[in-house]
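Please keep the sequence and the coordinates at hand while reading.

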Amino acid sequence: MKVSSRILLCTFAFFLLGSAVPTRAQHKLKDEDCLTCHGDSTLTTDVNGKSVSLFVDAKKLKHSIHASMKLACVDCHKDVKSLAHETPPQKVLCADCHADAKDAYAHSMHAKVTAAGKTAANCQDCHGNAHEVLAGGDPDSPVNHANIPYTCGRCHGQKFLMESNGQTTQPFLSYQESVHGRATEKGSTQAAVCTDCHGAHAISPANDAKSPISKFNVPATCGKCHAEITQTFNQSIHGQAIARGNNQSPVCTDCHGIHSIKSHTDPNSPVAEQNVSRDTCARCHEGVRLSSEFGVPGNRVSTYLDSYHGLAAEGGSVVAANCSSCHGVHNILPSSDPQSTVNRANLDATCGKCHKGVTQKFTLTPVHMADGIHPKDLGSLITRWVRIIYIILILGVIGAMFIHNFIIWRSKAAARRHMQNPMMQRMTTNQRWQHLVLLSSFIILVITGFALKFPDSWFAEILGMGEHVRSVVHRIAGVVLIAAGFYHIFYVSIAQEGRRLLCDIAPRPKDGKDALSAMLYYLGLSKTKPQFGRFTYGEKAEYWALVWGTGLMGVTGVMMWAKVWVGNLLARWWVDVATAVHFYEAILATLAIIVWHFYQVFGDPDVYPMNWAWWDGKMSVEHYREEHALDTESLPKADSAASPGGNDSSSPKG
């Protein structure tokens, strides 16, 4: 052993003293005796060519857990009998005293990694130097509760070390950002640290049935801190399934995460209100796996998203009900259980948390729009048939409109001509203002309505407003549209020009013949061009479709707005039917305006680039004569106004 000359002389002196008195009984060496040499900070030895310090810090040794237990150096170094080590002292094994810890460690991942020849934690890596080991309750101990994350992080936070063992540092990094890690960092002694979940010496992987982080043991592990929640969970449908050995059922970590557990108020948490339905519950309840294995209905998330609650939640609402709002959180039970929040007997209370004053009639219809098994209740059947009929209607009507307008546009575009004509007034000021209010409210309703239905769409992002603002604007525009409708009823009933408008635009049997004649003429199958009065069959169809659509959208919109009142008065499924009608009628109306009305205003080559009648009320006399040759009341007045000395701005009223 390589030592300093001073230590050699000291050792030699003790050796001579011991030799001079051979009959004296050998005494137990004291720590002070050992520190005579090992208290020298320069004392070293060579191990495989590497210099290793043999220095023992007397102060740290005195404050160690071993010293507090009155253990002397030779109590561990039992082979040391004298200061002059006749033979090199043997390596002290912690297992000589800590047999239980040794047995536990032997079955741990650390021991298996070490046995495989890779680097893994041993006793001193966690507890510190053997001469300086502190009690776990000491604030300076590496295994003190507050220091555990840092201690484990010395290895699990090193990227290259973890990657060399086929692992990653992400669990440690995720823990630091978790609700547990942040709480521990702030000084909490209650927040979970690594050893609370993984154990201390017998750390084993999750696929080990005895591991505290094995799926079937997770509830008990979390229950060490969250006892009341665990008790509630164990009684739930999920807890009961886990107790039966069903590994498809979720446990705490399936919903909350593992190392990255965050508060439910954190928007990045999987159990945050905005993430529960679409992300967390959907992982199990949206697919068909549960349906095929256990008969649990699938498509629960997609059918929820089609419902009123789902649409509101997708629009950014923070008060719309999600899965946990109705089914509970840890206490989820099947609807057949009397204790379930979605049991028929408890629905009044469950729905009443948000919808004050609900009655049993309001809760009769299932919340999900469908359940993947084609429900046979009256409301669902009517809603499904409304969808089917509207899809057929939309394809048929809009398809026919498109074909009709394309035929006319193609023929007129081929015969495009430019005409300079005297002008006449087509729309009065009152009519133009009604049209402007209708146009503005309709556009706002279309944009905000589809933004509410499709909150992730590009036009919803362009608006730059939340779900609440969009819904308020949508309702205001709806009120304006309904008010404009009532005003128009008053206008056509009281005003002279309104009554004439209603009389001229009323449908007649001739309109059907005109539509057929127009198609034959523009297809080149007839040489006779049909003639029309003040309004063509197309203008009449558009007007009455507008009247019908405005009334239908107004009624269904009010029903959705006053859903609790309607549900209590009639039945809740009436609201679902109204929602379906409102949505599909909106699609029909929007496409009709684009395909039909926009053609009349922008696409007709005879009015290119636009029919300005909606702006200043005027149109070409020659064009009017071409399109409305049978209007014997308006044309003579227009001709008179266009003649020399006449006023070309005079017009028929209406």
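This is a predicted model: local features need pLDDT of at least 70, side-chain atom pairs count only at pLDDT 80 or more; totals for chains, interfaces and linings use all residues.

Across the whole structure, a search finds 11 aromatic pairs, among them the pair of Tyr 521 and Tyr 522.

**Edge-to-face pairs**

- Tyr 521 and Tyr 522 form an edge-to-face pair, with 5.1 Å from centre to centre and 80° between the planes.
- Within this pair, Tyr 521 is partly exposed at a relative accessible area of 28%, whereas Tyr 522, at 14% relative accessibility, counts as buried.
- The rings of Tyr 543 and Trp 544 have centres 5.0 Å apart and planes at 85°, and this pair is classed as edge-to-face because planes over 60 degrees apart fall under that heading.
- Tyr 543 has a relative accessible area of 13% and is therefore buried, the limit being under 20%, while Trp 544 counts as partly exposed at 33% relative accessibility.

**A cluster of rings**

- Ring pairs join Tyr 390, Phe 450, Phe 454, Phe 583 and Tyr 584 into a cluster.

**Charges over ring faces**

- Phe 583, a member of that cluster, also has Lys 453 lying over its face, at 4.9 Å from the ring centre.
- Arg 572 lies over the face of Phe 362, where the distance from the ring centre is 5.7 Å.

Notes
Residues are numbered from 1 along each chain as its sequence is written. Side-chain values use heavy atoms; hydrogens and water are left out. Rings of Phe, Tyr and Trp (its six-membered ring) pair if their centres lie within 6.5 Å; planes under 30 degrees apart count as stacked, over 60 as edge-to-face and the rest as tilted. Buried means under 20% relative accessible area, exposed over 50%, partly exposed in between (1.4 Å probe, protein chains only). A charge sits over a ring if NZ of Lys or CZ of Arg is within 6 Å of the ring centre and within 35 degrees of the ring normal.
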